[in-house]
Amino acid sequence: MTLQSEVDELVPRLRAVGTDLQRFEVKSAEGGFPRSSLDSVSAFANSGSGLLLFGLDESAGFAVVDLDVAQLASDLAAACAEQLDPPIRPEIDVISVDGRWVVAASIDELPADRKPCFVKSKGMDRGSFIRTHDGDRRLTTYEVHVLASSRGQPIDDRAPVEGATVADLDEQLVERLLARLRSTRGGVFARTDDATALRMMGVVVDSDDGPRITLAGLLALGRFPQQFHPQLVSADCTRITCCRGSIRC
């Protein structure tokens, strides 16, 4: 279904019930792009998709108002891309209602591993919304936490570092880590050779070119991590976590 045909079915329904609906939000936007519409984009992205329609006045029975449709469409696209996290790329089109032009935007629900979508200026805790009946409701701190936890555990630290080899590990730091594992983690590590223990801890991974250091392994145990990732150095570093273990730097 095209946006035009969807709106053709929607407008008579809106005028009949006299209010916004669960999956449809209408904004007059007669004075320009309404910032409150970002709350609605967040709500639709977090809870089942929806359609935003700009250019109808709810207080006047959803009559069409004068609108700079080109400017509004541009402002909407920019705001969704720059003022929301993660960025939203809605389908936006200029369509006809009663022989006049309005702007329609279709927002898809985000996958669970990208929620919550929130308004940057308000922060995640106060800028995450969900759709309820004809309006947008701010998520509670608990609800935000539940959505954020669904993103899953990041695994970027498990990625092998291009160009780094086992020879780039600091031998003393490796010995300290292995000694602590064997003294605190019981018999599993006491019966495990060094190479296997480093793999179990995520310091090293196997590849077609042999053992490779992971990003976590390089940062925690590398002789000079800045050689490969100079942007990751921190002047006030006190501890680097290496997967399931940690050492002081």
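Which residues does Phe 54 touch, not counting residues up to four places away in sequence?

**View 1. Phe 54 and its neighbours.** Leaving out residues up to four places away in sequence, Phe 54 touches Lys 27, Ser 28, Ala 29, Pro 34, Ser 37, Leu 67, Leu 72, Leu 76, Val 102 and Val 103. A contact here is a pair of heavy atoms within 4.5 Å. Keep in mind that this is a predicted model, where local features need pLDDT of at least 70, side-chain atom pairs count only at pLDDT 80 or more, and totals for chains, interfaces and linings use all residues. Numbering runs from 1 along each chain as its sequence is written, and side-chain values use heavy atoms, with hydrogens and water left out.

View 2. For the terms: a nonpolar core is a set of buried Ala, Val, Leu, Ile, Met, Phe, Trp, Tyr and Cys residues joined through side-chain atoms within 4.5 Å; buried is under 20% relative accessible area, exposed over 50%, and partly exposed in between (1.4 Å probe, protein chains only). Helices (H or I, at least four residues) and strands (E, at least two) are DSSP runs, numbered from the N terminus.

**View 3. Ala 79 meets Leu 38.** Ala 79 sits in helix 3 and is buried, at a relative accessible area of 1%. Beyond four places in sequence, Ala 79 touches Phe 33, Leu 38 and Leu 84. Leu 38 belongs to helix 2 and is buried as well, with 1% relative accessibility. Leu 38 and Leu 84 are 46 residues apart along the chain, yet their C-alpha atoms are separated by 7.6 Å.

**View 4. Two cysteines without a bond.** Searching the whole structure turns up zero disulfides (pairs of cysteine sulfur atoms within 2.5 Å). For Cys 80, the nearest cysteine sulfur is that of Cys 117, 8.2 Å away. Cys 80 is buried at 0% relative accessible area, and Cys 117 is buried too, at 0% relative accessibility.
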